[in-house]
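Thanks for coming, everyone. Please take a look at the model on the screen, and then we'll walk through it together.

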Amino acid sequence: MRRFILATSFFAVLVVIWEILVRTGVWNQIFVPSPLDVARYLVNFQENSLLQAGWVTIKRLLLGYA
């Protein structure tokens, strides 16, 4: 149980540092969106749109390497 709490705390601290770096402008929000923006996107995406976008990416990769 202690290991789980330590691991969860570690990743929570990483996400907080990530948010701080984006908000202070150290990381450009265009290239590295904030964790809150990522969470909002994941909550609001339409059903199967992520799967469709992934499939399009895979097809483009296959066509590009063919």
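Which residues form a nonpolar patch on the surface? They are Met 1, Phe 4 and Ile 5, with about 390 Å² of accessible area together. Accessible areas here come from the Shrake-Rupley method with a 1.4 Å probe, and for residues only the protein chains shown count as cover. A patch is made of residues with over 30% relative accessible area and no salt bridge; like charges are joined within 9 Å, and nonpolar side chains (Val, Leu, Ile, Met, Phe, Trp, Tyr) within 5 Å. A salt bridge is a side-chain nitrogen of Lys or Arg within 4 Å of a carboxyl oxygen of Asp or Glu.

Some ground rules. This is a predicted model, where local features need pLDDT of at least 70 and side-chain atom pairs count only at pLDDT 80 or more, while totals for chains, interfaces and linings use all residues. Residues are numbered from 1 along each chain as its sequence is written, and side-chain values use heavy atoms, with hydrogens and water left out.

Now the overall layout. The protein chain has three helices and zero strands. From the N terminus on, its elements run α-α-α. Helices (H or I, at least four residues) and strands (E, at least two) are DSSP runs, numbered from the N terminus.

What about overall dimensions? The radius of gyration of the protein chain is 17 Å, whereas a compact globule of 66 residues would have one near 11 Å. That radius is taken over C-alpha atoms, and the globule rule is 2.2 Å times the number of residues to the power 0.38. The C-alpha atoms fill a box of roughly 45 × 35 × 25 Å, taken along the principal axes.

Next, the surface. The protein chain exposes about 6,200 Å², and carbon and sulfur atoms supply 70% of that. Buried residues make up 6% of the 66 residues. Buried means under 20% relative accessible area, exposed means over 50%, and partly exposed is in between (1.4 Å probe, protein chains only).

Phe 4 sits in helix H1. Its relative accessible area is 55%, so Phe 4 is exposed.

Leu 51 is another one to find. Leu 51 lies in helix H3, residues 49-65. At 64% relative accessibility, Leu 51 counts as exposed. Leu 51 and Leu 21 are 30 residues apart in sequence, and their C-alpha atoms are 30 Å apart in space.

On to the salt bridges. How many are there by this rule? The count comes to two.

Take the one in helix H1. The side chains of Arg 23 and Glu 19 meet at 2.6 Å, N to O. Why can they pair up along the helix? Arg 23 and Glu 19 are four residues apart in helix H1, so about one helical turn separates them. Arg 23 is exposed, with a relative accessible area of 62%. Glu 19, at 13%, counts as buried.

Then there is helix H2, residues 35-44. Here the side chains of Arg 40 and Asp 37 meet in a salt bridge at 2.7 Å, N to O. These two are three residues apart, so again about one helical turn lies between them. Arg 40 counts as partly exposed at 48%. Asp 37 is partly exposed too, at 26%.

Stay with Glu 19, in helix H1, residues 2-23. Setting aside residues up to four places away in sequence, Glu 19 touches Ser 34, Pro 35 and Leu 36. Contact means heavy atoms within 4.5 Å.

Last stop: Ser 34. Ser 34 lies in the loop between H1 and H2. Is it buried or exposed? Ser 34 is buried, because its relative accessible area is 4%. Beyond its neighbours within four places in sequence, Ser 34 is in contact with Trp 18, Glu 19, Val 22 and Gln 29.
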